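Hello,

Here is the structure I promised to pass on to you. Please have a look at it first, and then read my notes below.

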Amino acid sequence: MIEVKGLRKSFTLGKRRKTRSVEAVRGVDLSVAEGEIFGFLGPNGAGKTTTARILCTLLEPDDGEAVIAGADLRKDPGAVRTRVGYVPQGGTTTDEITAREELVLQARMYGIGKAEAVERTEKALAAFELTEFADRQCKTYSGGQRRRVDIAMGIIHEPKVLFLDEPTTGLDPQSRAHLWDEVRRLRDQGMTVFLTTHYLEEADALCDRIAIIDHGEIVALGTPSELKHGVAGDVVTVGLNGSGPRAAELFDGRDYVRKLELGDDGLRLYVDDGSTAMPQIMRVLDGGDIHFDTVEVHRPSLDDVFLTKTGRSLRDK
Amino acid sequence: MKFLRDTWLVYQRQLLLVWRTPARLVIGFVQPIAYLVLFAPLLKTALAPTGAQTYADAYRIYVPGLLVVLVLLSGFFSGFGLLGELRSGVIERSRVTPAHRTALILGRAFSEVTVLMGQAVVITVVALPFGMTVQFGWLLLAYVMLALMALMACALSYAMAMLIPSPAALGPLINSVSQPLSLLSGVLLPLTLAPGWLVTIAEWNPIYWTTNGTRALFTGNPGDSSVWVGMLVVVALAALTVTWATRMFARQVR
């Protein structure tokens, strides 16, 4: 449904003499199948939004090819526009306009006739449980309700692909869960969903496949469980206070430690099997006279995937 | 066809928005009416050298100037509205539709012009009890000229807003453009009172001609050369600025 090859985009920042070029997207390749929820996970400024905006025809790429729902992005952006829906970050509803008015207008902007636009609006309002307050001005809505209006506008022309840019940023947990259900429902109706997020839980719980992006490049691609399994068996996190570098040195080169990372939360050791590694780790800590507060074994999370690929934690951001 | 339809859709939406935010409208009226009531009465004596004998004469000279100021200044500040909408995602949302690119900006500009012309009509009506008289046909022609000025100011403001998309920098830029344009146009007092050198400079200012043209129409001198010169100038300028703004917009948004 989405085929992207070698997508590149850089921006010029700064004024006059102090300009510098920032490569926001550097050679992204990806392929999204029909009817899947594809997540673009990465920290702020990683190039997620830029990629989504390019694919929705809002920005022209410097280089690269993309075919979306059978339409070539460069040769026929007009055809792409009729086949994709886009919900920008932060919402697009206007305070003084009602949900019904917004939806009818958005449908008509796609060239849909008045009667048909009204009919589709009715359906969309019902599907997103908005009928009850459809004639109230948007300023009276909650964050979650406004977001649902945004998404209803994004699909009013029945696109093949829906792009959601950070759809749940700023929502409370309940609205977020509600929105996830809406997105799943759209997928189950056959829509392809491409969403960007910096929430690990969202990528993990909602997405069928994920691309992890950092500094404009995809560093990992797969289903959430594939990605997590790609990281060595278990993760042992030792909560240290102060003696991090010395502890890291002690574990460096031990045959049961595949990889280690020193983070803000302590020392993370990637091991094949947590239950057999634990006793050895405790002995080393005791022998090295390292003072530690906690030792924890857990299955790798998407954060561990991000950490092993980039050396940074997504949670710190 | 599609272009007209899309322009109409955007236009309707923008007008609906104006209707729903009456505070903006009210503020737009209060200031010109205050000038009309509190400032214009001073003008009878001030304008005596230009031949104004009565209050009616004074208002015939002053009201067109006031209307020019209204459409120019309000038009010049419409770029702020565009900036707000560019930031809020409203425009982004219409940009992903196949709607005609030019329609997205022209529909907005036309709605601004409509609102300004509504205000112009109200101000004219308010001036009537003060004894101002104006012939209906020439009034309509003056309104056409004012509408074109509003469109020009609005398009110019949009273009500047896209050129400098920061509200903090846009304000001073707009002021530095609008201040000399209005000072050198004789909107408050006709430049017939001015020394020769000032008139010479003002003749290079297109707004000088449109102001004089509007004034000539109000005072019942449609044959005055400033009417056709002003009309030509404002048609050319409106075409130029609208082209500039739509180009900027299309380039920025694909």
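First, some housekeeping. Residues are numbered from 1 along each chain as its sequence is written, while chains are lettered from A and ligands numbered from 1 in the order in which they are written. Please keep in mind that this is a predicted model, in which local features need pLDDT of at least 70 and side-chain atom pairs count only at pLDDT 80 or more, whereas totals for chains, interfaces and linings use all residues.

Let me start with chain A. Its secondary structure comes to 11 helices and 14 strands; these are DSSP runs (helices are H or I with at least four residues, strands are E with at least two), numbered from the N terminus. Along the principal axes, the C-alpha atoms of chain A fill a box of roughly 80 × 45 × 40 Å. Of the 317 residues in chain A, 44% are buried. Here, buried stands for 20 or more other C-beta atoms within 10 Å of a residue's own, exposed for 12 or fewer, and partly exposed for anything in between, with C-beta atoms placed from the backbone.

Chain A is assigned domain 1 (2-228) and domain 2 (232-299), with bounds that come from an automatic or database domain assignment. The centres of domain 1 of chain A and domain 2 of chain A, taken over C-alpha atoms, are separated by 40 Å.

One residue to look up is A:G45, in the loop between β3 (37-41) and α1 (48-55) of chain A. A:G45 counts as partly exposed because 15 other C-beta atoms lie within 10 Å. Its C-alpha atom is separated by 15 Å from that of A:P88, 43 residues apart along the chain.

Now to chain B, whose secondary structure comes to 12 helices and 0 strands. The C-alpha atoms of chain B fill a box of roughly 60 × 35 × 35 Å along the principal axes, and 45% of the 254 residues in chain B are buried. For residues 23-252 of chain B, an unreviewed UniProt entry lists "domain: ABC transmembrane type-2"; such annotations may be inferred rather than shown by experiment, and their positions are given in the numbering used here, with feature names shortened. That span, residues 23-252 of chain B, is 78% helix and 0% strand, and its end C-alpha atoms lie 32 Å apart.

Where do the chains meet? The contact takes 23 residues from chain A and 18 residues from chain B, where two residues are in contact if their C-beta atoms, placed from the backbone, lie within 7 Å. On the side of chain A that touches chain B, α2 (77-83) and α3 (99-109) of chain A each supply at least two residues.

Finally, the largest nonpolar core has 159 residues, and A:F163, B:V71 and B:M149 touch the most other members. Such a core is a set of buried Ala, Val, Leu, Ile, Met, Phe, Trp, Tyr and Cys residues joined through C-beta atoms within 7 Å. Helix α8 (residues 136-163) of chain B gives the largest share of this core, 17 residues. Not counting residues up to four places away in sequence, B:V71 touches B:L116, B:A120, B:L146, B:M149, B:A150 and B:A153.

Enjoy exploring, and do write back with any questions.

Best wishes
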